Amino acid sequence: MGEDTDTRKINHSFLRDHSYVTEADIISTVEFNHTGELLATGDKGGRVVIFQREPESKNAPHSQGEYDVYSTFQSHEPEFDYLKSLEIEEKINKIKWLPQQNAAHSLLSTNDKTIKLWKITERDKRPEGYNLKDEEGKLKDLSTVTSLQVPVLKPMDLMVEVSPRRIFANGHTYHINSISVNSDCETYMSADDLRINLWHLAITDRSFNIVDIKPANMEDLTEVITASEFHPHHCNLFVYSSSKGSLRLCDMRAAALCDKHSKLFEEPEDPSNRSFFSEIISSVSDVKFSHSGRYMLTRDYLTVKVWDLNMEARPIETYQVHDYLRSKLCSLYENDCIFDKFECAWNGSDSVIMTGAYNNFFRMFDRNTKRDVTLEASRESSKPRAVLKPRRVCVGGKRRRDDISVDSLDFTKKILHTAWHPTENIIAIAATNNLYIFQDKVNSDMH
């Protein structure tokens, strides 16, 4: 991603008035499917919007297909828990695609409490010529049926049908922060602040609790689960991160309840950097296995780190996302930004990593060259064929013409949710109520 980047924006809010962004329109999750042909977004209003990549045109066979709206549906509605007198938001916390088994697509979506399995199918033909029904579907008078005919399939305009297949409810007391589909394609797990449950995709009325860190006395609670994910190849392994900055790798073959981890990944804190904010900024907001399964990527407030599964003592790579904010932690604590949960993503070859920042900036780090770049998701950069210009944040001292001062950053504009196409250099960036899709023309990594 860099000098030769072809950019394009798709407006998630469907031409709503941009001067006023409603809370319901804010995108809360972004996820490519396993082929990258479909891209799903969820928002705070409980809606899921699926975009489909258009096929390459015959006139320009090497041109990349654009992503257009394929289907939109209401996944979750607001609910009320009368036993606890609690409102349950409709906001979509996570979407996960299931590997495609047939012509239909399937995805899981979850709000704070309820996970739903959706099936997406296409219909472009309709049967005609029934013997016992007329064209409107009403039963004919049988005395008028004097001959038999063979019904035929006639072409019709493409219809995309989305139907709920399963509803997995009542599995969590606390808010669900993660769902992850297992490589066995039969099970998935869901995690909340204190517990992780294992579900079978065909069984909705029960799940198995595989991690429970709830203490007997809640006053003894020192950490919570922040994210979890299955290993991409080994169906028995999964990892979960905590608010204390640690990662625990668990093996389901060892015991039914995985409270005792197989490996603990933790970086000892440098005493010279200790401050009031140390514990808050060390909380891991996201963890992702690399496609190879050899590494893990984690995001905390100021850094992204790459961990080797064979080395628990410290990460093998640490990248500063916005170190210039270290001096601003006090004001970020006061406006609650310090609690923002940023996600991170790998590119298809595990050579470049991406994560979001403030001012609608997002960061990319090339693991081979150790070069990094700051890019901006904005209306100016989203015109077709526009080139993304690297941005720089300066902290005092000399300032170049295009630099932006750390004091003029807009902390209300934040890139929390990002996704990378599984094989190509196409990225999806959620910026408030807009979805930006950028792609690299020359299909290479950062220049």
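Which side chains meet in a salt bridge at 2.7 Å, N to O? The side chains of Asp-308 and Arg-294 form this contact, a salt bridge being a side-chain nitrogen of Lys or Arg within 4 Å of a carboxyl oxygen of Asp or Glu. The pair links distant parts of the chain, 14 residues apart: Asp-308 belongs to strand β22 (residues 303-308), and Arg-294 lies in the loop between β20 (286-289) and β21 (295-299). Helices (H or I, at least four residues) and strands (E, at least two) are DSSP runs, numbered from the N terminus. Asp-308 is buried, with a relative accessible area of 8%, whereas Arg-294, at 38%, is partly exposed. Buried denotes under 20% relative accessible area, exposed over 50%, and partly exposed the range in between (1.4 Å probe, protein chains only).

The structure is a predicted model, in which local features need pLDDT of at least 70 and side-chain atom pairs count only at pLDDT 80 or more, while totals for chains, interfaces and linings use all residues. Residues are numbered from 1 along each chain as its sequence is written, and side-chain values use heavy atoms, with hydrogens and water left out.

In total, the structure holds 22 salt bridges. Side chains of opposite charge can pair when their charged atoms come close. One of the salt bridges joins Asp-212 and Arg-195, with an N to O distance of 3.2 Å. This pair also links distant parts of the chain, with Asp-212 in strand β15 (residues 208-212) and Arg-195 in strand β14 (residues 195-200), 17 residues apart. Asp-212 is partly exposed, at 23% relative accessibility.

A further salt bridge is found between Arg-248 and Glu-223, whose closest N and O atoms are 3.1 Å apart. Here strand β18 (residues 247-251), which holds Arg-248, is linked to the loop between β15 and β16 (225-230), which holds Glu-223; the two residues are 25 residues apart. Both Arg-248 and Glu-223 are buried.

With regard to cysteines, a search of the whole structure finds 0 disulfides, a disulfide being a pair of cysteine sulfur atoms within 2.5 Å. The sulfur of Cys-250 has its closest cysteine sulfur in Cys-258, at 5.2 Å, which is too far for a bond. Cys-258 is accordingly in no disulfide. Cys-250 is buried, at 0% relative accessibility, and Cys-258 is likewise buried, with a relative accessible area of 2%.
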